[in-house]
Amino acid sequence: EREIDRERRDPAQAQASASAPEKTLEFDTFIGMSGAYSISDHYIRETERGVEEMSPMKAACGHTKKQFNYFSPTVRLQSILDKLSSTSSSISSESTYYNTMPEILLLHGVDDDIVPFTSTADIGMLIKDCGIKDCKENYLSDTGHADLAMELMLGGTTQDLVMDWIENRSRTGKTRY
């Protein structure tokens, strides 16, 4: 695995970003579309395709495996599961983890050749392993990576799914904040 070592170029910046306090955002809804939820896995895929240098993922998520892991929902959720299993705890409806997770809708096109739909399947399984029940997954056949965004903006199956999900949440009063 090829990795650009940002610490060698700017150790002060890398140290500052690695030790920066975590900020939390409170929101009650998350819609993930064609997500690369494991940045390291996606970087490896981009490297295999020869597009890692032009990809916005590397610049947005840092240039080291440590930073990739920091920005990877898959890695962060797995660390929660590992922590819980090491203490023999579980996530209950009263737990901090459960109460801070938003309701989640995950969408992915089965014909996505940029980010494989298995990225969404993996994070969906991990979310459910954490005990989060409010996670709905939709896999759209004959749909590629950009198709989801285009259909969301211009109309189509993606827009219908998202709007139906949002309207259903409003009708049932499912909001936490």
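A salt bridge is taken as a side-chain nitrogen of Lys or Arg within 4 Å of a carboxyl oxygen of Asp or Glu. The model is predicted, so local features need pLDDT of at least 70 and side-chain atom pairs pLDDT 80 or more, while totals for chains, interfaces and linings use all residues. Residues are numbered from 1 along each chain as its sequence is written, and side-chain values use heavy atoms, without hydrogens or water.

Two salt bridges are found in the whole structure. One joins R169 to E103, with the closest N and O atoms 3.3 Å apart. R169 lies in helix α10 (residues 157-172) and E103 in strand β2, so the pair ties together parts 66 residues apart in sequence. Helices (H or I, at least four residues) and strands (E, at least two) are DSSP runs, numbered from the N terminus. Both R169 and E103 are buried. Buried means under 20% relative accessible area, exposed over 50%, and partly exposed in between (1.4 Å probe, protein chains only).

The other salt bridge links the side chains of K128 and E137 (2.7 Å, N to O). K128 is partly exposed, at 39% relative accessibility. E137 is also partly exposed, at 22%. L106 stands opposite E137 in β3.

An open sheet of three strands has the order β1-β2-β3, with parallel pairing. Strands pair if DSSP finds at least two bridges between them. The edge strands are β1 (29-33) and β3 (135-140), each pairing on one side only. Strand β2 (residues 103-109) pairs with β3 in the parallel sense over six bridges.

Helix α9 (residues 145-154) contains M153. At 58% relative accessibility, M153 counts as exposed.
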